[in-house]
Amino acid sequence: MANQGARRANVDSDRLWRRHMEMAELGATAKGGVNRAALTPTDIEVHVRLAEWARERDFTVDIDAYGNQFMRRAGTIETAAAVASGSHSDTQPTGGRFDGISGVLSAVEALEIIDDAGIATCHPLEAVIWNNEEGTRFSPTNLGSAVYVGSAPIDAMLAATDGNGVTMKAAVRALRKAIPWAGTRDLKAPMAAFVESHIEQGPELESEGLNIGVVTAIQGTRKLEIEVIGDEAHAGTTPERLRRDAFVDGVQIVSALRDLFHDPDDIMRFTIGRFEVSPGALAVVPGRVFFTIDIRHPDNATLARLGDQVESTCQAAASRCDVHVIETRRAESTPFSGAVPEAIETAAKERGFSYKHMPSGAGHDARYVSNICPSGMVFIPCEHGLSHNERENTTPDDLARGAQVIADTLLILDERLQ
Ligand code: GLV
Ligand code: MN
Ligand code: MN
């Protein structure tokens with residue numbers, strides 16, 4: 001890639017691709033994807049390798065109370081807050097090789113090439129691994145960037161447990177033990193700016209033949225958990241009239257919720273991603289159903305109005321069982337404007353990359369980080385728009401362009417934020 005000016009450094013595209021393939025081996029699935037839940041041994045191994053690369057360069061490595069990891073190249077002004085980039089290293093159970101880790105590896109690549117070019121920055125530059133973005137291992141689901149900025153309470157989030165009863169607190173302890181030399185980072189320590197690179201997870205850039213998306217906003221979301229409690233009973237002896245079948249009520253509730261969220265314009269996103277029937281035995285009338293709801297919409301008023309009707313809709317649709325509804329996460333639509341998207345656009349223009357402004361349907365760490373500093377996101381094309389899928393794919397060139405924009409954006413922000 002052509003070097004456009006004095007304070008710019010060029011991405012090593014082969015190294016970047018090689019590192020993606022190396023990370024994809026940690027938690028690799030038989031179908032070519034990745035299953036790497038937060039702070040499992042494979043995820044900790046990712047943290048360790050990145051920490052070692054940082055240490056080889058005399059970058060400092062700090063970990064906060066929730067297990068977010070910060071790799072920092074010092075700036076010339078000691079008191080300046082960091083200009084940071086990063087994303088997450090955990091995946092969905094049937095995740096791909098790029099969702100999350102590409103944003104982390106792009107940030108690491110950016111710091112390394114700036115270091116190799118001997119460019120002094122006023123602000124420290126940081127590559128961040130936000131812990132537990134996908135939120136699949138721990139219940140209630142939680143998210144490192146939200147905890148960092150104070151949008152989620154640290155004590156409750158550390159008490160969250162996985163399916164084996166392991167707490168997040170114990171998982172963070174295991175991370176610390178694996179990198180005993182890492183320093184400690186305070187939650188909410190200020191950042192000067194944050195930019196996150198991510199595969200688009202949708203089809204638009206690919207279908208329009210564009211290199212880069214400059215993200216304008218992330219749509220709002222609400223996540224809820226529904227528990228339907230009936231009575232376990234013998235499948236052969238219990239007459240219909242005496243049953244409190246949690247599955248039967250659960251199905252009625254799901255049907256009512258689908259009606260509530262049906263949107264003729266197809267903008268509302270409504271997903272039941274987990275549905276559990278207990279005890280899950282052939283000859284037992286189910287005594288408990290548990291399911292999750294993920295709803296998303298760009299308009300906060302619509303999300304508020306419909307989300308607020310979930311509880312009453314569930315209660316009205318249940319005939320014989322008790323229903324409990326809890327909301328585990330709520331985030332408003334988040335706009336990105338100002339310094340960070342402007343710097344991304346400058347970087348894309350300088351390099352001659354084609355780009356467009358676009359909103360994000362998926363949630364990302366940058367949403368939460370924007371609570372404490374100017375933030376923004378770079379999207380790169382994603383093959384056939386497939387993500388949260390083991391076949392998720394992108395190209396070495398697209399990854400390199402994304403990392404290049406990240407490196408240039410960090411330098412532009414370093415100049416503009418002085
Ligand atoms: C992030 O993975 C999301 O669910 O939007
Ligand atoms: Mn994801
Ligand atoms: Mn992601």
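Select C314 to begin: this residue is buried, with a relative accessible area of 0%, where buried means under 20% relative accessible area, exposed over 50% and partly exposed in between (1.4 Å probe, protein chains only). C314 takes part in no disulfide, and the nearest cysteine sulfur, that of C321, is 12 Å away. A disulfide is counted here as a pair of cysteine sulfur atoms within 2.5 Å, and by this rule the count comes to zero. Another cysteine to display is C382, which counts as buried at 1% relative accessibility.

The model is predicted: local features need pLDDT of at least 70 and side-chain atom pairs count only at pLDDT 80 or more, while totals for chains, interfaces and linings use all residues. Residues are numbered from 1 along each chain as its sequence is written, chains are lettered from A and ligands numbered from 1 in the order in which they are written, and side-chain values use heavy atoms, with hydrogens and water left out.

D99 lies in the loop between β3 (82-88) and α3 (101-116) and H198 in strand β6 (residues 191-199), so the pair ties together parts that are 99 residues apart in sequence. Helices (H or I, at least four residues) and strands (E, at least two) are DSSP runs, numbered from the N terminus. D99 is buried at a relative accessible area of 5%, and H198 is buried at 1%.

E134 is buried, with a relative accessible area of 12%.

**Helix α3**

Of its 16 residues, 14 are buried, so α3 is largely enclosed by the rest of the structure. Just after the helix, G118 takes a positive phi of about 65°.

**The nonpolar cores**

Show M23, L50, W130, M168, M191 and L410, which touch the most other members of the largest nonpolar core, a set of 94 residues. Helix α13 (residues 396-416) gives the most to this core, with ten residues. A nonpolar core is a set of buried Ala, Val, Leu, Ile, Met, Phe, Trp, Tyr and Cys residues joined through side-chain atoms within 4.5 Å. Apart from this core lies another, of 24 residues, including V228, V254, M268 and C321.

Centre the view on M168. Leaving aside neighbours within four places in sequence, M168 is in contact (heavy atoms within 4.5 Å) with residues including L39, Y66, N131, F138 and M157.

**Two loop residues with positive phi**

L39 is found in the loop between α1 (13-24) and α2 (41-56). Its phi is near 55°, a positive value in a residue other than glycine, and L39 counts as buried at 4% relative accessibility. D58, in the loop between α2 and β1 (60-63), has a positive phi of about 65° although it is not a glycine. D58 is exposed, with a relative accessible area of 70%.

Finally, select β13 (residues 288-297), in which nine of the ten residues are buried. Strands are taken to pair if DSSP finds at least two bridges between them.

- β8 (residues 220-229) runs antiparallel to β13, joined by ten bridges; E227 has F290 as its bridge partner.
- β10 (residues 269-271) pairs with β13 in the antiparallel sense over three bridges, and F270 stands opposite I295.
- β11 (residues 275-278) is joined to β13 by four bridges, also antiparallel, with F275 opposite F291.

End at the loop between β11 and β12 (284-285), which holds P279. The peptide bond from S278 to P279 is cis, with omega near 5°.
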